[in-house]
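Thanks for coming. I will take a few minutes on one protein, going from the overall fold to the strands and then to a single side chain. Please have the structure open while I talk.

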Amino acid sequence: MDTATPAPPLCRLDDIPDGEAIAVDAALPEGEESLIVVRHGAAAHAYLNVCPHAGRRLDWAPGKFLVRDGVLVCAAHGASFNTADGLCIGGPCRGEHLRAVAVEVVEGDVRLG
């Protein structure tokens, strides 16, 4: 019988203003990673906090992101990403994607999916 306890939640959905993003640390199979968790109403999307352009974090200060009208802007070189799918729509890595990490919202908790 599997008695493994589920992983702790990454955060509460209510911790994220609707349409905004926060950074959380998560234990992934490849190790500890910083994630960007974006809220869209009752849903959440998550991506590795790594810009595909230069491999740098996207936050302008620890855990703080520039998000406007569904677009996340990398603080390092200004690449712009759709928050719904991680597609780069402007800047030096246009056409590339942020690396998605599966999450789900369970009873108000955002958890790895």
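Start with the contacts. Among contacts between residues at least 6 apart in sequence, 39% join residues at least 24 apart. Please keep in mind that this is a predicted model, so every number today is computed from it.

Now the overall dimensions. The C-alpha atoms fill a box of roughly 50 × 30 × 25 Å along the principal axes. For 113 residues, a compact globule would have a radius of gyration near 13 Å, and the 14 Å of this protein agrees with that. Of the 113 residues, 36% count as buried. The protein exposes about 6300 Å², and carbon and sulfur atoms supply 51% of that area.

S2 covers residues 21-28 and S3 covers residues 31-40; the two run antiparallel and are joined by eight bridges. The hairpin from S2 to S3 passes through two residues.

S3 is also joined to S4, residues 43-48, by six bridges, and this pair too runs antiparallel. Here histidine 40 has alanine 43 in S4 as its bridge partner. The hairpin of S3 and S4 has two residues between the strands, and glycine 41 in that hairpin takes a positive phi near 65°.

Next is the sheet of four strands. It is open, with the order S5-S6-S7-S8 and antiparallel pairing. S5 (66-68) and S8 (88-90) stand at the edges with a single partner strand each, so one side of each has no neighbour in the sheet. Neighbouring strands in this sheet are turned against each other by 35° on average, direction ignored. Within the sheet, three bridges join S5 to S6, residues 71-73, and arginine 68 stands opposite valine 71 in S6.

There is also an open sheet of three strands, in the order S1-S11-S10, again with antiparallel pairing. S1 (11-12) and S10 (103-106) are the edge strands; each has a single partner strand, so one side of each is left without a neighbour in the sheet. Four bridges join S10 to S11, residues 109-112, and valine 103 stands opposite leucine 112 in S11.

Last, one side chain. Asparagine 49 is found in the loop between S4 and S5. Is asparagine 49 buried or exposed? Its relative accessible area is 2%, and buried means under 20%, so asparagine 49 is buried.

What lies by its polar side-chain atoms? A polar atom of the asparagine 49 side chain lies 2.9 Å from the backbone nitrogen of leucine 58. Leaving out residues up to four places away in sequence, asparagine 49 touches Ala23, Ser34, Leu35, Ile36, Arg56, Arg57, Leu58, Asp59 and Phe65.

Key:
Residues numbered from 1 in each chain as written. Predicted model: local features only at pLDDT ≥ 70, side-chain atom pairs only at ≥ 80, totals over all residues. Heavy atoms only, no water. Pairing = 2+ DSSP bridges. Axes fitted to C-alpha atoms, helices over the stretch in contact; angles between N-to-C directions. Buried < 20%, exposed > 50% of the residue type's maximum accessible area, 1.4 Å probe, protein only. Polar contact = N/O pair within 3.5 Å; in protein donor to acceptor, adjacent residues only side chain to side chain. Contact = heavy atoms within 4.5 Å. Rg over C-alpha atoms; globule rule 2.2 N^0.38 Å. Areas by Shrake-Rupley, 256 points an atom, 1.4 Å probe, with all protein chains shown as cover.
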